[in-house]
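Keep the model open beside the text, and look up each residue as it is named.

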Amino acid sequence: MDSCKSVDEIKSRRGELKMADFDNLWRTMFPAYMRSTGDEIHGDSVVSLDGSNACDGDASVHGAAAARAAAVAAASAKELESHVNSFVAPSTIFVPPSSSAQKPAEGGKNLKDLISDDPVWAAIRAEARLEAEREPLLSSFLYASILSHPCFERSLAFVLASRLKNATLLETQLMDVFDDVFMSDTDLRQAIRLDVQAVKDRDPSCRSYSSALLYLKGYHALQSYRVAHILWIRGQKVLALALQSHISEVFAVDIHPAARIGKAILLDHGSGVVIGETAVVGDRVSMLQGVTLGGTGKAAGDRHPKIGEGVLIGAGARILGNITVGRGAMVAAGSLVLKDVPAHSMVAGIPAKVVGLVEEPSPSLTMKHDATKKFCQ
């Protein structure tokens, strides 16, 4: 495969499109990208709490989030464009396994075109080129991880395979698995972009898209889970469980591949996060380190929490049993939640009790962990 399918599909229609057709171009790649901002706050979650998966149907519920992600990433890439010089690949290059990408001078896409085609990937490439110039010691690493790849999916597959390889799961084998999953699932390709935008927006320590891609294990663990989840759905459950086990060892994040998780998710730090088999997590959820979405015993069946969209879960919170945390709620750090949490409320304590109402529609987007009267009504 010489290039990414999504890029090929758009490239084949380049003659029919003009730069002014930005909106139509995004509709082609990600149908969810163009919807009103009202859908961002009030739209239904892609992973719904009733057990259905809306991503199997109308993906347009993510319109405003994706449109904003595209606009923000495009602005970032355009800002970097004027600072990007002609990148010269390092003389000694580690060639990524299973990669058919050519050197940027030969196979690289014009940055202006890339900003229109895929602004998130354009921003990542622009950042990597600048960093390679500023820090020559990392030029080979940046080339192998980002600049040698034709698209975001291939770059992410390489990064994850590099982190998860071991004596029995070779890097080339993992690259093949990740590449097949990423390139065969349009919904997943949207999710990896919305997730990286969530990290960039909500984590003040993350100052670039490329740093999220290269260094943040919460993002790595989440995307690795997404691959394992697709494998589970396909019926490749043994491979999915093997991958889950290794994800837990490498990233200290244990997410069962059968769990259902929405898009635009932030796992801040990630360490110690545990999400059980029947758990459901809605869109635009943020959770910090040490969060557990677990069961209450050894009974089989639906036994794990259902988290509504826009929920913020503080560090070390434990949410146990088949209970529901309503949309836009906030769970304070260290809380033990054993009962349903009403929408737009804040709970705290052991056991957790409602301590107020959250004024903001989606506390996960602001990341304010303030239990004072100024935050709660």
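W121 is buried, and F152 is buried as well, where buried means under 20% relative accessible area, exposed means over 50%, and partly exposed lies in between, as judged with a 1.4 Å probe and protein chains only. The model is a predicted one, in which local features need pLDDT of at least 70 and side-chain atom pairs count only at pLDDT 80 or more, while totals for chains, interfaces and linings use all residues. Residues are numbered from 1 along each chain as its sequence is written, and side-chain values use heavy atoms, with hydrogens and water left out.

A search of the whole structure finds 2 aromatic pairs; rings of Phe, Tyr and Trp (for Trp, its six-membered ring) pair if their centres lie within 6.5 Å, and planes under 30 degrees apart count as stacked, over 60 as edge-to-face and the rest as tilted. W121 and F152 make up one of these pairs, which is stacked, with 6.3 Å from centre to centre and 20 degrees between the planes. Because W121 lies in helix α7 (residues 119-134) and F152 in helix α9, this pair ties together parts that are 31 residues apart in sequence. Helices here are DSSP runs of H or I with at least four residues, and strands are runs of E with at least two, numbered from the N terminus.

What makes the pair of F141 and Y215 stacked? The centres of their rings are 6.3 Å apart and their planes stand at 25 degrees, so the pair counts as stacked. F141 belongs to helix α8 (residues 139-147) and Y215 to helix α12 (residues 209-215), and the pair links parts of the chain that are 74 residues apart. F141 is partly exposed, with a relative accessible area of 33%, and Y215 is also partly exposed, at 46% relative accessibility.

Helix α9 also holds L156, which counts as buried because its relative accessibility is 0%. If its neighbours within four places in sequence are left aside, L156 is in contact (heavy atoms within 4.5 Å) with F182, I192, L213, Y219 and Q223. For Q223, the C-alpha to C-alpha distance from L156 is 8.6 Å, although the two residues are 67 apart in sequence.

Helix α14 (residues 237-251) shows how a helix can be followed along its length. With 15 residues, α14 reaches 20 Å from its first C-alpha to its last, close to the 21 Å expected at 1.5 Å a residue, the expected span being 1.5 Å times one less than the number of residues. An α-helix has 3.6 residues a turn, so residues three or four places apart point the same way. In α14, the buried residues are A240, L243, Q244, H246, I247 and F251, and they pack against α9 (152-164), α10 (171-184), α13 (217-234) and β1 (254-255). After α14 comes A252, whose phi is positive, near 60 degrees.

The strands can be read next. Strands of a sheet pair through backbone hydrogen bonds, either parallel or antiparallel; here, two strands are said to pair if DSSP finds at least two bridges between them. Strand β10 (residues 318-320) pairs with β13 in the parallel sense over 2 bridges, and R318 has L336 in β13 as its bridge partner.

Another open sheet has 6 strands in the order β3-β6-β9-β12-β14-β15, with mixed pairing, and its edge strands are β3 (266-267) and β15 (353-357). Strand β9 (residues 312-313) runs parallel to strand β12 (residues 330-331), to which 2 bridges join it, and I313 stands opposite V331 in β12. V331 in turn stands opposite V347 in β14, where β12 and strand β14 (residues 345-348) pair in the parallel sense over 2 bridges. How do β14 and β15 pair, in the parallel or the antiparallel sense? They pair in the antiparallel sense over 4 bridges, and V354 in β15 is the bridge partner of V347. These two strands form a hairpin with 4 residues between them, and G349 in the turn has a positive phi of about 105 degrees.

Finally, the chain as a whole has 15 helices and 15 strands, and buried residues make up 54% of its 377 residues.
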